[in-house]
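The structure is shown below.

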Amino acid sequence: MNIKELKNRLISEYNILTELHAHTTASTCSQVEPERMVEIYKELGYSAVCITNHFTYEYKGLSKEAFLNRYMEDFERAEKRGKEIGIKAILGAEIRFENTENDYLIYGVNRKMLEEIYELLPYGIQNFRNVYKMPDSLFIQAHPFRDDMEETDPALLDGIEVFNLHPNHNSRVGLAAAYARENNFSVITAGSDFHHPGRKHEGVTGMRTKIVPEDSFHLASILKNGDYLFEAGRNCLMIP
């Protein structure tokens, strides 16, 4: 079997595409309405999109309840539209603790967990990982080599996002890939970090699997099991 044949076989076997990093308008930096998010990815041939909106104290004018309602209502709009057109919207989160610029992706999350996580944001990552157990989730550092990121103790992480392909940032994916190998991370991820319609970075990288992730916790399980590929540029396959 030559390389072209192998590539075609892998695409055929791993025929489910999922976006692992995307932001709708619940993130102030995004201009993508939740309904449009799932429509865009449906048009691109994806089966699922994980919506990882920013979960931080940046919305200082909102109460905890108002912030959580905004966060979840945005996701529920995407979920409802996704059911209508046949694509899964999956709940994720990109959290940031106080007094740092680092971002961390959580796969395997629900509203109850977000309510609890909100209370822990002021106390930093070390405290969070010590006191908050998430056995069915994954805690991933997003774009760890982007400008203004600080190195996180690898022991506090379940993995890192190696391939972040946001076009407006240099995420130094080569350094991230080398770092993942040096630290023997069992989970690495890739995401388009999609925020802005019209800039052609929707779906520039996705996860290929044999099965559709049913929800946030199933997505975390798939990542833990390691039976997935990545696709970049809607053409190039990557084996993590």
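## Pockets and a helix pair

By class, 8 nonpolar, 1 polar and 5 charged residues make up the lining of the second largest pocket. The model is a predicted one. The second largest pocket holds about 190 Å³ of space. Its lining consists of 14 residues, and Phe75, Glu79, Ala89, Glu214 and Asp215 are those nearest its centre. Helix 3, strand 4 (88-95) and helix 7 (216-225) are the elements that each give two or more residues to this lining.

The largest pocket has a lining of 19 residues, with His54, Arg96, Asp103, Arg146 and His169 nearest its centre. The table sets out the volume and the lining classes of each pocket.

| Pocket | Volume | Lining by class |
|---|---|---|
| Largest pocket | about 310 Å³ | 2 nonpolar, 8 polar and 9 charged residues |
| Second largest pocket | about 190 Å³ | 8 nonpolar, 1 polar and 5 charged residues |

Helix 3 also takes part in a helix pair. Helix 3 (residues 64-85) packs against helix 4 (residues 111-120) at an angle of about 140°, and the two axes are 11 Å apart. Angles over 145 degrees would count as roughly antiparallel; helix 3 and helix 4 are therefore oblique to each other. Their crossing is right-handed. On the side of helix 3, the contact is made by Lys64, Glu65, Phe67, Leu68, Asn69, Tyr71 and Met72. Helix 4 contributes Arg111, Leu114, Glu115, Tyr118 and Glu119 to the contact. Sorted by class, this contact has 6 nonpolar, 1 polar and 5 charged residues.

Definitions and conventions. Residues numbered from 1 in each chain as written. Predicted model: local features only at pLDDT ≥ 70, side-chain atom pairs only at ≥ 80, totals over all residues. Heavy atoms only, no water. Axes fitted to C-alpha atoms, helices over the stretch in contact; angles between N-to-C directions. Helix = DSSP H or I, 4+ residues; strand = E, 2+ residues; numbered from the N terminus. Parallel < 35°, antiparallel > 145°, perpendicular 65-115°, else oblique. Left-handed = near helix turned anticlockwise from the far one by under 90°. Contact = heavy atoms within 4.5 Å. Nonpolar A, V, L, I, M, F, W, Y, C, P; charged D, E, K, R; others polar. 1 Å grid on protein atoms, 1.4 Å probe; cavity = no way out; pocket = protein on both sides within 12 Å on 5 of 7 lines; lining within 4 Å. Points joined across faces, edges and corners; volume = space filled by probe spheres on them.
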